[in-house]
Amino acid sequence: MQRKSFGAKRLAACAMLAAVSVVLARFIIPMPNATTRFSVEAAPVILAGLLMGPLPGALVGFVADVVGCLFSGYGYNPVFSLPPVLIGLCAGLMRFMVCERVSFFRVLATFLPAVALGSVLWQSWWLSFFYGTKSFGAFLAARSIQFAVTSLINAAVVTVLLKSNVFARFGLQRPEVIS
């Protein structure tokens with residue numbers, strides 16, 4: 001197995017994906033309150049994991065979260081950085097699922113465990129702890145619906161982008177089967 005170097009092109013792609021995630025999260029989609037946001041901000045993080053691997057995916061998730069917090073009025077809390085990191089990491093670790101064939105359900109399966117554990121369970125518990133206005137169950141119910149919808153949208157966006165081979169034009173290929 002040959003190890004690919006992490007060159008300037010891949011670094012620039014990671015920076016671009018992080019920037020796109022920030023724009024999608026903070027500027028395109030309005031947030032009705034501090035705990036709810038329907039957006040496709042995870043799509044660039046998922047793409048970073050699928051195209052470049054678990055570490056770049058996790059780093060794109062972390063950078064997008066930290067930089068995005070600079071543009072929001074809520075400030076940065078390291079507790080909430082775990083879900084985007086997990087999404088990029090999980091997509092990178094599960095990228096073998098889209099090697100042979102890209103499909104909506106395969107793409108969804110690459111990041112769904114991270115969404116369930118990080119975005120739904122982890123963040124719901126911490127939001128109920130910090131805000132204390134609702135119980136954990138209330139946060140869990142509301143956020144489960146929110147992330148079910150956004151996960152389906154993210155999977156559809158990522159599937160369309162991967163099938164279009166738009167990233168091949170930039171020198172980023174879909175993951176290949178490792179033999």
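In the predicted model, helix H4 passes helix H5 in a right-handed crossing. The two helices pack at an angle of about 165 degrees, and their axes lie 8 Å apart; because angles over 145 degrees count as roughly antiparallel, H4 and H5 are described as roughly antiparallel to each other. On the H4 side the contact is formed by Leu82, Pro83, Leu86, Ile87, Cys90 and Ala91, which meet Thr110, Phe111, Pro113, Ala114, Val115, Gly118, Ser119, Trp122 and Gln123 of H5. Sorted by class, the residues of this contact comprise 11 nonpolar and 4 polar residues, with no charged residues.

These two helices belong to a chain that contains 6 helices and 0 strands, so that the pattern read along the sequence is α-α-α-α-α-α. Of the 179 residues in the chain, 45% are buried. Among the contacts between residues at least 6 apart in sequence, 70% join residues that are at least 24 apart.

A second pair of helices is formed by H2, which spans residues 42-52, and H6, which spans residues 136-164; they pack at an angle of about 50 degrees, with 9 Å between their axes. That angle makes H2 oblique to H6, and the crossing of the two helices is right-handed. Ala42, Ala43, Ile46, Leu47, Leu50 and Leu51 of H2 make the contact with Asn154, Val157, Val158, Leu161 and Leu162 of H6. The residues of this contact divide into 10 nonpolar and 1 polar, and no charged residue is found among them.

Helix H2 is itself mostly covered, with 11 of its 11 residues buried; among these buried residues are Val45, Ala48, Gly49 and Met52. Proline 44 is also found in H2, and this residue counts as buried because its relative accessible area is 3%, where the cut-off for a buried residue is under 20%. When neighbours within four places in sequence are left aside, proline 44 is in contact with Leu17, Val20, Ser21, Leu24 and Val60. The C-alpha atoms of proline 44 and leucine 24 are separated by 9.2 Å, although the two residues are 20 residues apart along the chain. After the end of H2 comes glycine 53, whose phi is positive, near 115 degrees.

The largest nonpolar core holds 33 residues, of which Ile46, Met52, Ile87, Val107, Phe111, Val158 and Leu162 touch the most other members. Two or more residues of this core are given by each of helix H1 (8-28), H2, helix H3 (54-70), helix H4 (82-93), helix H5 (104-131) and H6. The largest share, 9 residues, comes from H2. Phenylalanine 111, when residues up to four places away in sequence are not counted, touches Ile46, Ile87, Cys90, Ser151, Asn154 and Ala155.

Definitions and conventions. Residues are numbered from 1 along each chain as its sequence is written. This is a predicted model: local features need pLDDT of at least 70, side-chain atom pairs count only at pLDDT 80 or more; totals for chains, interfaces and linings use all residues. Side-chain values use heavy atoms; hydrogens and water are left out. Axes are lines fitted to C-alpha atoms, for helices over the stretch in contact, and angles run from 0 to 180 degrees between N-to-C directions. Helices (H or I, at least four residues) and strands (E, at least two) are DSSP runs, numbered from the N terminus. Angles under 35 degrees count as roughly parallel, over 145 as roughly antiparallel, 65 to 115 as roughly perpendicular and the rest as oblique. A crossing is left-handed if the near helix is turned anticlockwise from the far one by less than a right angle, and right-handed if clockwise. Contact means heavy atoms within 4.5 Å. Ala, Val, Leu, Ile, Met, Phe, Trp, Tyr, Cys and Pro count as nonpolar, Asp, Glu, Lys and Arg as charged, and the others, Gly among them, as polar. A nonpolar core is a set of buried Ala, Val, Leu, Ile, Met, Phe, Trp, Tyr and Cys residues joined through side-chain atoms within 4.5 Å. Buried means under 20% relative accessible area, exposed over 50%, partly exposed in between (1.4 Å probe, protein chains only).
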